[in-house]
Amino acid sequence: MNEPAIAVTNLVKRFGDVTAVDGISFDVAPGTIFGLLGRNGAGKTTTLETCIGLTAPTSGSVRVLGLDPTRRGDFAQLKRRIGVQLQATSLPEKAKAAEILDLYAAYYGVRPRTAELAERVGLEDKLDRFVGKMSGGEQQRLALAIALLHDPDVVFLDEPTAGMDAFGRRILWAEVERLKAAGKTLVLTTHYIEEAERLCDEICIVQAGRIVARDTAPALVAAHGGDAFIDFAARGFALDPSLDVLGRWTQKGERWQVFVHGEPGRALGAIVAHANALDVAIDDLDLHRPGLEDAFIAITGEALDDEAASAKAAA
Amino acid sequence: MTVLRILLAQTRANFVWYFLRDGEMIFWSLAIPVFFLFVFSFALGGGSTKQTSTFLIPGLIGAQVLSSGFWGVGAMLATFREKKLLRRIYLTPIPSWTFFASLVLYRMSLLALQALILAIVGGIVFHVHVVGDPVSIGVILLLGAATFVSLGTVIGAVVRSTESANNIASVLTVPLAFLSDAYIPIDRFPAAIGSVLRLLPSTQFIDAFRGIAMYGDSLARYGAWIALLCVWTVVGTVVSARFFRWV
């Protein structure tokens, strides 16, 4: 199948005067884990909601598995083939987890696999618990189980780990890897760098309703992450011309820092060899490779994390 | 068949989730009407309590029909939408009317339970007898339910927030019950006001229901009002279908 699993073309969505999505285009090859990374309010959720037929585009088009979610007949077919975990899924408070899973199995006309699904999302002990008595993370995992229960071809996850603890995140990540191994296509929105870097084959960075960069995580880092740097303390260390060419050096007393051009491993070797030749001891050495977060900041000019951003704004 | 099975499973789930597991709901929907029956029968019963309760029981059931439509379906849909429960349902492949129908069926079964309890308590305590033809009673009750469910759904379709839906539902239900011959006989109002109140679909429904159930009237006697209730049902359904939003 060469046709993309998802094709979004010149998507625009306005709510009154507010332009939530301002001309987004992308396509997703089958079997890809595709991430929309951006801050809250960047337009990720609106983009995802147009793909699943919850929001009609103001202009532009969306095709999922070749189907148009704005057309009634297409949408009806599509609903059986996509699984969705929404950001704020609300399920009836007085329903038990097992009842929800059984009922949703009936909706999709599939054999209930309640026990198996519960185990996969780590809720096997919580099947008799009322939804209203579950933690936010447990509710999210129940929503994930609903999204997967009919074995969909394309899975949409909107901020899947928001409010989840470390256990929930591990479960979700394991499920994503399982889906990838099964050849499913996944679209997820996130504002967690680690999640995007770890899970996604391809990342779109979304800012103010537009895609500002799109690539694999390593390629984004290589293009935008900037130089790695090595930071160390060494009493009696001195530069010589062979080290000068490694990169841009700064010195503060005994602390040295170099922003390395190219591969930092070789630079590290040269520094250690030079220190040995000078017979000086190196303390407290730190090698910082640029990550996706550095690339994100370089591309968007802002921090991803809201708390960090607002702390910065306050300062 | 599958759709029917889903409908029944969802109706049963609604009954368990929103009624059996909700103590407050059980209290308000079962105890309060009986409490009203006692208070009103003794407080308002100038003549015999039997006469008063014969008047009151269909009125109390009629008021529950109004509240099922406005609260049970109308405001509930707005709540479900605001809590983002409707959109979750919308994304499943079940035909959209199934969810709506399950909500109506749940309220209808609750209504049947309420009517049964009022009729039994009325029979034992006040020696009130339901003399009407069961089929005619069923027809007029279903028609009333259809009318107020479809009008209630207009609230659920047009109003965005749970809070305003609840406000509208209570503003409609409580005063309407008092003005529609449910608790207070309409001839206690000045004649001019009374004739206006008789134009209300709620008055027409409650009067027809009372006449058929308690005094053995035939459906045909209320033909004009039944036709009007059908018109309200159609109007409510058309407006709801036009404006209803899942998201």
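This is a predicted model: local features need pLDDT of at least 70, side-chain atom pairs count only at pLDDT 80 or more; totals for chains, interfaces and linings use all residues.
In soluble globular proteins, nonpolar side chains tend to be buried together. In the present model, the largest nonpolar core comprises 119 residues. Within this core, the residues with the most contacts are A:Leu37, A:Tyr104, A:Ile203 and A:Leu292. The element that gives the most to the core belongs to chain B: helix α3, residues 49-82, supplies 14 residues. Another core, of 31 residues, lies apart from the largest one; among its members are A:Ala20, A:Phe26, A:Leu67 and A:Val187.

The surroundings of A:Ile203 were examined with its neighbours within four places in sequence left aside. The contacts of A:Ile203 then include A:Gly35, A:Leu37, A:Ala196 and A:Glu197. Also in contact with A:Ile203 are A:Ala213, A:Arg214, A:Asp215, A:Ala217, A:Leu220 and A:Leu292.

Strands of a sheet pair through backbone hydrogen bonds, either parallel or antiparallel. In chain A, three strands form an open sheet in the order β2-β1-β4, with antiparallel pairing. Strands β2 (18-28) and β4 (59-64) of chain A stand at the edges and have a single partner strand each, so one side of each lacks a neighbour in the sheet. From one strand to the next, the twist averages 20°. Strand β1 of chain A, residues 6-15, is joined to β4(A) by five bridges, the two strands running antiparallel. A:Val8 has A:Val62 in β4(A) as its bridge partner. Helix α1 of chain A, residues 44-51, packs on the sheet and touches β1, β2 and β4 of chain A. The direction of this helix makes about 120° with that of β1(A).

Most residues other than glycine have a negative phi, and most peptide bonds are trans. Positive values occur at A:Asn10, with phi near 45°, and at A:Asp279, with phi near 60°. A:Asn10 lies in strand β1 of chain A and is described as partly exposed because its relative accessible area is 49%. A:Asp279 is placed in the loop between α10 (264-278) and β13 (283-288) of chain A. With a relative accessible area of 69%, A:Asp279 is exposed.

A further loop residue, A:Asp128, is found between α4 (114-120) and α5 (136-148) of chain A. The relative accessible area of A:Asp128 is 63%, so this residue counts as exposed. A:Asp128 and A:His191 are separated by 63 residues in sequence and, from C-alpha to C-alpha, by 32 Å in space.

Definitions and conventions:
Residues are numbered from 1 along each chain as its sequence is written. Chains are lettered from A and ligands numbered from 1 in the order in which they are written. Side-chain values use heavy atoms; hydrogens and water are left out. A nonpolar core is a set of buried Ala, Val, Leu, Ile, Met, Phe, Trp, Tyr and Cys residues joined through side-chain atoms within 4.5 Å. Buried means under 20% relative accessible area, exposed over 50%, partly exposed in between (1.4 Å probe, protein chains only). Helices (H or I, at least four residues) and strands (E, at least two) are DSSP runs, numbered from the N terminus. Contact means heavy atoms within 4.5 Å. Two strands pair if DSSP finds at least two bridges between them. Axes are lines fitted to C-alpha atoms, for helices over the stretch in contact, and angles run from 0 to 180 degrees between N-to-C directions.
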